[in-house]
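Subject: The structure we talked about

Hi there,

Here is the structure I promised to hand over, so please open it and keep it beside you while you read. My notes on what turned up follow below.

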Protein chains: 4
Amino acid sequence: MSDVQNQLLKGSFKLTRVGVRDVKKPVVVRRPGRDVTLIVTFDLFVDLPAQLKGSHMSRNLEVLSRIIDDAVREQVSSLEDLGVLICQELLSRHEYATCSEVLMSSDYFLERGMGNGTTSLERYILKASATSVRGGATKKSIGVEVTGMTACPCAMEEVRSLRGVSPEDTSASITHNQRNITSVRLEVPMELQLEADTLIEIVEKCLSSPTYEILKRADEARVVMNAHANPKFVEDVVRDVLSEILIKFRDLPDDVKVSVKSESYESIHKHNAYAERDTTMGELRA
Amino acid sequence: MSDVQNQLLKGSFKLTRVGVRDVKKPVVVRRPGRDVTLIVTFDLFVDLPAQLKGSHMSRNLEVLSRIIDDAVREQVSSLEDLGVLICQELLSRHEYATCSEVLMSSDYFLERGMGNGTTSLERYILKASATSVRGGATKKSIGVEVTGMTACPCAMEEVRSLRGVSPEDTSASITHNQRNITSVRLEVPMELQLEADTLIEIVEKCLSSPTYEILKRADEARVVMNAHANPKFVEDVVRDVLSEILIKFRDLPDDVKVSVKSESYESIHKHNAYAERDTTMGELRA
Amino acid sequence: MSDVQNQLLKGSFKLTRVGVRDVKKPVVVRRPGRDVTLIVTFDLFVDLPAQLKGSHMSRNLEVLSRIIDDAVREQVSSLEDLGVLICQELLSRHEYATCSEVLMSSDYFLERGMGNGTTSLERYILKASATSVRGGATKKSIGVEVTGMTACPCAMEEVRSLRGVSPEDTSASITHNQRNITSVRLEVPMELQLEADTLIEIVEKCLSSPTYEILKRADEARVVMNAHANPKFVEDVVRDVLSEILIKFRDLPDDVKVSVKSESYESIHKHNAYAERDTTMGELRA
Amino acid sequence: MSDVQNQLLKGSFKLTRVGVRDVKKPVVVRRPGRDVTLIVTFDLFVDLPAQLKGSHMSRNLEVLSRIIDDAVREQVSSLEDLGVLICQELLSRHEYATCSEVLMSSDYFLERGMGNGTTSLERYILKASATSVRGGATKKSIGVEVTGMTACPCAMEEVRSLRGVSPEDTSASITHNQRNITSVRLEVPMELQLEADTLIEIVEKCLSSPTYEILKRADEARVVMNAHANPKFVEDVVRDVLSEILIKFRDLPDDVKVSVKSESYESIHKHNAYAERDTTMGELRA
């Protein structure tokens, strides 16, 4: 029988990414102090040389299935480390490929409280990825997506001006505030260890306020007052996160890639406000 | 050749809805004072008797295509009236069906301003539907989905209390505010004419504030002050819309169905607050 | 301090549903032979009488949090049973409400194989709900959403006809086949126990073929041949599922609600084919 | 009054993209032989220097509104040309920015038929963008997203083998086929004119078969036979589109960027098969 994928082509084109998308699997990872079940959506790719007709797609699923099973036994501690293992095994099984790539996304939950005894399980999104080049570097990225709150400094100033509030009066004025989603992504060599929880803490510190699922009335008022005491543009959120990253991850080498995005689902508009910086640790330090 | 759909079955089950979903087509309707192109997503169904193996799906698309072409010539004035025509033609072409149903959804735009000369084209969603029973009634529904702003009355009161604001001081305090989507749907007999623009006006009047794509600074402050002068729970929005409907559509008969839903994408939570009333004009009057 | 939600209104409207939507939480349920972590999206509602200004939204989150914690200890065996507990507690905490409702949705995974030793973890969606009336009945619904494959019987017949295949030749001809999503929902009194896995088995049996994440070449061919040996319209899928339900759940009382929907993401069209039956066990038996 | 956005910062970070996302507007463009109303979703960005606190977001909306109004008068012939005008005006209004970017997406419809007199309005997606560097180049991209059908060559070969079909028998065997979405994007200097309709024609030619909303039975059979006579992996679709682009756009310079992606919503799996090539005209010619 002819093996269709292995047919040799003449004069065709190599392909950058060939593989499978939207594969969902439960994964158990060992997070700090606990085992966590993540329902992860995977995309898996390798490249394909010009002379080969097809990539062996089923191998991607076999690799994924086996590595996830092994991970349970060997206690993988993060999505990105799982991604590294998958990338390396993809290169091993696709002998014709020169590089491999894995993208992962999952809901993630952390216990959070306002310091008064009440806590709730808050939701976040983990985004991780890994890439591997045959005979070259393996890299991994650690990312988080955090939902919080921004209060607009510009409208606050405008309202104060319209109301004739004196500059000596420093109390927060009304303004528009809204749901904001801020994401951070760091790409590091496979040897380095970063902690997603640290990225989440950084973002929550840089928003006008973190948000909580359970808020009794007095707590609700405190979140509102906290947010109005820290009015932030999306520009401010991105820059403050960059500052914190420079401090918390000061030991990271210059070539580490950093991406920070912040999007506010504006309460006064039907569209969103957005700010983004794509950079490296080296550029940030310059 | 055997005609598969027309095969007769013994002892099988009738089906409630058989048809096609997610069909997109451009439609031109004559709105007040202008012709408007809508990109409409259609679902079309008829029922199927127990003894017939299959519905003739392609007839749904033929009906849709022909009625839309005719509508351009005959100047249909609304999505719901287009739905009525489609429903009647579905019954005509599916001779075995006892009822037909059409669901329609489309972006929709209206010029809006704050009265200072600046206007912008604001976006809304039209939701219309029609149902027809062979030898019985044809009904149509007119619906809108409006994005606006709610400011929370409870957190405002809490902040005033925590700050020790005196009851005599009636100025609005800070609170959380957020993007809100409120929808209204009225189901009426095919002879009655309602205007979607009226429903949009009602909802915008009942939110803490409508929102605008273009806001210069002073306008932005005015929207913020307006919203804080009208703090609303989602419960308030739904009830205020119901009150307005009772007034504006006072001539509608008792059996007209009314549905109002309001969802706030809370700035202080990661989840949404929601209120809804499904009722009839008769119940509202009781 | 004034309690805004508890303000009494005159001449206002009662509301059908007030609560929170899109709350995500991890839940551990005891499935047959194993504990399973589900990441569940919840909507929680109660009704609101006309004279009360607001529902106490934060109670919904407190109820959810506490019941989920208790569920871990007390080993709840299904989403729908968790829903029953939540509904009852919602009525207990919202003393003004006459009814409560919970909607739940979650990814779900089962080991599946073609009988040749290879298995893979296949994904499904669980949809459960519960409603409770104060002083009345508590009901729960069990639902599943299954992705599989349909092959069209009509195009198969047409191709045979165009190619002049003789009626004696019963081998399957080419046709269009595609991804199909079929869902089933049964609503039963809280005392009855149904098993979601049984609903999944029923649907997979009624599609042209179930699908698998890992398929080596010979397996892939067998799935293709199996699907072409069982060509099905969406109408056929719905009716066959109804037949199976009548057999497997023959002990269910007449007033149990049954809903079956099947949607094929047609390969030869850009739209979907759809069939649905909403009924009761009693009607099905008639 | 202080102007918050214009505040000067010390030691802060420049930002890569600041602006608005998810702005929807109707746009009229002059397509070959007809005026077409597109409902376009826009993202608009400029960069922000390190010393400026905020970007003037409302200017983005003013620019958009004015250019769209002008476009009606001046008869812009494509989304990408509209993008070029917007990019240049963004730089003019944001005097502090060094670059601007616009992303656009819209449903799009073309009359299609199988040559037998019946036609239907088929839907596609236009994706266009433009970028402008102050004192440098303005570039635009033209993209389309086309829904069609792929039939798997590998499963076809496997079935033939399992059934013992002789190599002399060249008739198409059964296989799995499915909905496929293939997209193409070309980035060219602003002076060059490409036609989106040409890109759509190329993709439809390279799929196993284009698809149609209205198909009578014999037409349906012909689409099925056509697809099975042209079995294609996603890899084949991408490569065939690249070949066609090399021929049709042979006059494009070497530095023109080309991106082709093909995703099959597999009927035999719950995940998708995917292939992609990111390249330049120069690399393709090498």
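Let's start with Pro153(A), which lies in helix H3 of chain A. Please keep in mind that this is a predicted model. Is Pro153(A) buried or exposed? With 22 other C-beta atoms within 10 Å, Pro153(A) is buried, because the cut-off for calling a residue buried is 20 or more. Leaving out residues up to four places away in sequence, Pro153(A) touches Pro231(A), Lys232(A) and Phe233(A), and also Val4(D).

Now zoom out to chain A as a whole. Chain A contains seven helices and nine strands. Its C-alpha trace spans about 85 × 40 × 40 Å along the principal axes. Of the 286 residues in chain A, 55% are buried. If you take the contacts in chain A between residues at least 6 apart in sequence, 71% of them join residues at least 24 apart.

Chain A is also divided into two domains: domain 1 covers 12-103 and domain 2 covers 137-286. The centres of these two domains of chain A, taken over C-alpha atoms, are separated by 32 Å. How many residues of domain 1 of chain A are in contact with domain 2 of chain A? Six residues of domain 1 are in contact with six residues of domain 2. On the domain 1 side, three of these residues are nonpolar, two are polar and one is charged.

Next, look at where chain A meets chain D. Here 39 residues of chain A are in contact with 39 residues of chain D. On the chain A side, strand E1 (15-31), helix H3 (153-163), helix H6 (234-248) and strand E9 (272-280) each supply at least two residues. E1(A) gives the largest share of that side, with nine residues. By class, the chain A side divides into 18 nonpolar, ten polar and eleven charged residues.

E9(A) pairs with strand E1 (residues 15-31) of chain D in the antiparallel sense, over five bridges. Which residue in E1(D) is the bridge partner of Asn272(A)? The partner is Arg21(D).

How do chains A and D relate to each other? A rotation of 180°, with 0.0 Å of shift along its axis, superposes chain A on chain D with an RMSD of 0.0 Å. The two copies are therefore related as by a two-fold rotation axis. Among the residues of chain A, Asp278(A) comes closest to that axis, with its C-alpha at 10 Å. Both copies use the same surface, since 100% of the contact residues of chain A recur in chain D.

Chain B has its own meeting place with chain A. In this interface, 35 residues of chain B are in contact with 34 residues of chain A. Strand E4 (119-133), strand E5 (138-151), helix H3 (153-163), strand E6 (177-189) and helix H5 (217-229) of chain B each supply at least two residues of the side that touches chain A. The largest share of that side, eight residues, comes from H5(B). Its residues divide into 16 nonpolar, ten polar and nine charged. Chain B can be laid on chain A by a turn of 180° and a shift of 0.0 Å along the axis, with an RMSD of 0.0 Å. In this pair, 97% of the interface residues of chain B are also interface residues in chain A, so the copies meet through the same surface.

Last, have a look at a helix in chain C. Helix H2 (residues 79-93) of chain C has 15 residues and reaches 21 Å from its first C-alpha to its last, close to the 21 Å expected at 1.5 Å a residue. Buried residues in H2(C) include Leu79(C), Leu82(C), Ile86(C) and Leu90(C). What covers the buried residues of H2(C)? The cover includes strand E1 (15-31), strand E2 (34-48), helix H1 (57-74), strand E3 (99-113), strand E4 (119-133) and strand E5 (138-151) of chain C.

Enjoy exploring, and write back with any questions!

Best wishes

How values were computed:
Residues numbered from 1 in each chain as written. Chains lettered and ligands numbered in written order. Predicted model: local features only at pLDDT ≥ 70, side-chain atom pairs only at ≥ 80, totals over all residues. Contact = placed C-beta atoms within 7 Å. Helix = DSSP H or I, 4+ residues; strand = E, 2+ residues; numbered from the N terminus. Nonpolar A, V, L, I, M, F, W, Y, C, P; charged D, E, K, R; others polar. Pairing = 2+ DSSP bridges. Least-squares fit on C-alpha atoms with pLDDT ≥ 70 in both. Buried ≥ 20, exposed ≤ 12 C-beta atoms within 10 Å, placed from the backbone. Expected span 1.5 Å × (residues − 1). Domains from an automatic or database assignment.
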